[in-house]
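Dear colleague,

I am handing over the structure below, together with my notes on what was found in it. Please read the notes with the model open beside them.

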Amino acid sequence: MRQQLIVNLASETGPVLHGASGALYGLSEDGVPGADLLAPLHVRTIAQKPPGGLQHPTGDADKVAPEFISAGGEWILVYLQDSYPDWPYQDHEIADYLTTIKSMVSSLANDPYSGHYVLVPFNEPDWIWYDLKTADPAQYLINRDRFLADWATACQAIRSLNPDALIAGPNEAYYDSRFMPDFLSYGGVRNVLPDIISWHELSPGSLRTYRSSYTSFRELERQLGSSPRLVNINEYGSRRDLSNPGQLVQWIAMFEDTKVDADQAYW
């Protein structure tokens with residue numbers, strides 16, 4: 001039987017967001033790449049390392065902010081753990097990390113572009129430091145409780161220094177249907193929910209599963225009585241797709257349909 005593709009041109013998703021045009025570590029310094037590239041692409045969000053971060057030699061958030069914002073950019077997601085030089089990040093426990101967090105928050109709070117920074121306290125905690133993906137139910141509870149306690153500690157430290165700071169998380173490497181209910185419940189009770197919900201979509205399978213994950217998340221918000229939050233998929237794409245326009249357009253379409261911001265991981 002011949003297959004048919006039916007397109008309903010009377011159905012609209014609203015104004016174009018250009019959300020999928022973001023980039024992980026897309027800017028290396030002020031002017032590289034230049035505004036002549038950024039502006040036509042309508043790049044809304046980027047993810048960068050904090051000032052003085054050791055994870056990469058360039059790309060400090062405060063260094064790239066002037067041109068990014070002048071070119072129409074909105075949010076700079078600052079990966080605070082990128083202060084560490086190694087990958088995966090060295091685990092020096094939360095007390096040591098808090099010292100680093102406080103230093104970075106104070107620095108960015110006094111920056112002229114402070115209103116555009118979104119602080120990301122943890123990056124991929126499902127496998128870095130906390131192993132939230134463990135298949136052992138008992139170990140999951142232990143790891144979950146450690147992360148949630150550290151998350152609360154980090155958020156409270158950030159907001160004590162800068163009450164206006166924006167925070168994104170939990171920033172897992174994938175949408176975790178086991179952990180997300182725990183995270184939203186805990187955060188709601190203790191007033192440490194992030195301003196922007198973030199996770200990564202890095203698998204070819206994301207083209208099949210993302211829409212259902214997004215729908216599941218929004219339903220979970222409703223069930224828990226949580227106000228709808230912005231979503232940022234701050235790392236997306238598989239290596240095979242980001243060099244293939246025919247594949248990449250599928251990623252762009254699903255983020256545009258759901259009106260979320262998203263950053264290409266291998267830009």
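For the helix pair described first, axes are lines fitted to C-alpha atoms, for helices over the stretch in contact, and angles run from 0 to 180 degrees between N-to-C directions. Helices (H or I, at least four residues) and strands (E, at least two) are DSSP runs, numbered from the N terminus. Please keep in mind that this is a predicted model, in which local features need pLDDT of at least 70 and side-chain atom pairs count only at pLDDT 80 or more, while totals for chains, interfaces and linings use all residues. Residues are numbered from 1 along each chain as its sequence is written, and side-chain values use heavy atoms, with hydrogens and water left out.

The axes of helix α6 (residues 206-224) and helix α7 (residues 245-258) cross at roughly 5° and come within 10 Å; α6 and α7 are therefore roughly parallel to each other, a term that covers angles under 35 degrees. Where contact means heavy atoms within 4.5 Å, S206, L207, Y210, R211 and Y214 of α6 meet Q247, Q250, W251, A253, M254, F255, D257 and T258 of α7. By class, this contact of α6 with α7 has seven nonpolar, four polar and two charged residues, where Ala, Val, Leu, Ile, Met, Phe, Trp, Tyr, Cys and Pro count as nonpolar, Asp, Glu, Lys and Arg as charged, and the others, Gly among them, as polar.

Eight strands close into a barrel with parallel pairing, in the order β1-β2-β3-β4-β5-β6-β7-β8, and the twist averages 25° from one strand to the next. Two strands pair if DSSP finds at least two bridges between them; β1 (residues 22-24) and β8 (residues 261-264) pair in the parallel sense over two bridges, and D263 in β8 is the bridge partner of G22.

The largest pocket holds about 170 Å³ of space. Of the eleven residues that line this pocket, A20, S21, L41, I252 and Q264 are the closest to its centre, and the lining divides into six nonpolar, four polar and one charged. A pocket here is an open set of points on a 1 Å grid over the protein atoms alone where a 1.4 Å probe fits, with protein on both sides within 12 Å along at least five of seven lines, and lining residues have an atom within 4 Å of a point. Grid points are joined across faces, edges and corners, and the volume is the space filled by probe spheres set on the points.

Some backbone details also deserve a look. A cis peptide bond with omega of about -5° joins W87 and P88, and P88 is found in the loop between β3 (75-79) and α3 (93-109). The peptide bond from G169 to P170 is also cis, with omega near 5°, and P170 has its place in strand β5 (residues 166-172). N171, likewise in β5, has a positive phi of about 70° although it is not a glycine.

With kind regards

Methods: Angles under 35 degrees count as roughly parallel, over 145 as roughly antiparallel, 65 to 115 as roughly perpendicular and the rest as oblique.
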